[in-house]
Amino acid sequence: MTVGQYLSYVLMNSIEFNLKVELFFDDGFFISIPCDKPKEVSSYLMEKNTFVVALGKGLRFAPCAVSEEKCRRSPQLILDAIKAVEGC
């Protein structure tokens with residue numbers, strides 16, 4: 001699968017689930033997702049075998065490092081984790 005295909009899956013699912021994402025391409029292929037409690041959300045996702053990096057003001061997800069199936073499911077998993085942790 002190409003980077004473009006991964007991007008397409010993630011963006012389409014992000015739009016469907018109303019998950020805000022920001023894209024950065026300087027030193028790799030990552031998606032940044034703003035949230036108020038990144039460390040807590042990252043820990044919550046780790047328990048579900050979904051690995052993201054907690055940043056100062058959000059999460060970093062690398063769609064190029066996961067399977068096609070996980071790429072499809074990740075927007076909903078991440079959104080559910082943010083809602084669970086932040087109480088939205």
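This is a predicted model: local features need pLDDT of at least 70, side-chain atom pairs count only at pLDDT 80 or more; totals for chains, interfaces and linings use all residues.

Trainee: How many helices and strands in the chain?

Mentor: Three helices and four strands. Helices are DSSP runs of H or I, at least four residues; strands are runs of E, at least two; both are numbered from the N terminus. Along the sequence the pattern reads α-β-β-α-β-β-α.

Trainee: And what share of the chain is buried?

Mentor: 35% of the 88 residues. Buried means under 20% relative accessible area, exposed over 50%, partly exposed in between, with a 1.4 Å probe and protein chains only.

Trainee: Contacts next. What fraction join residues at least 24 apart?

Mentor: 54%, counting contacts between residues at least 6 apart in sequence. A contact is heavy atoms within 4.5 Å.

Trainee: Let's look at α2. Which of its residues are buried?

Mentor: Pro38, Val41, Ser42 and Leu45, in a helix that spans residues 38-47. They sit on the same side of α2, because they cover an arc of only 100° around the axis. That arc is taken from the directions from the helix axis to the C-beta atoms.

Trainee: Why does that spacing work?

Mentor: An α-helix has 3.6 residues a turn, so residues three or four places apart point the same way.

Trainee: What do the buried residues of α2 pack against?

Mentor: β3 (53-54), β4 (58-61) and α3 (68-86). The face turned away carries exposed Lys39 and Glu47. Just after α2, Asn49 takes a positive phi of about 60°.

Trainee: Now the largest nonpolar core. Which residues have the most contacts inside it?

Mentor: Ile33, Val41, Leu45, Leu59, Ile78 and Ile82, in a core of 13 residues. β2 (30-34), α2, β4 and α3 each supply at least two residues. The largest share, four residues, comes from α3. A nonpolar core here is a set of buried Ala, Val, Leu, Ile, Met, Phe, Trp, Tyr and Cys residues joined through side-chain atoms within 4.5 Å.

Trainee: Switching topic: where is Cys64?

Mentor: In the loop between β4 and α3. Cys64 is partly exposed, at 40% relative accessible area.

Trainee: How far is Cys64 from Phe29 in space?

Mentor: 6.6 Å, C-alpha to C-alpha, though they are 35 residues apart in sequence.

Conventions. Residues are numbered from 1 along each chain as its sequence is written. Side-chain values use heavy atoms; hydrogens and water are left out.
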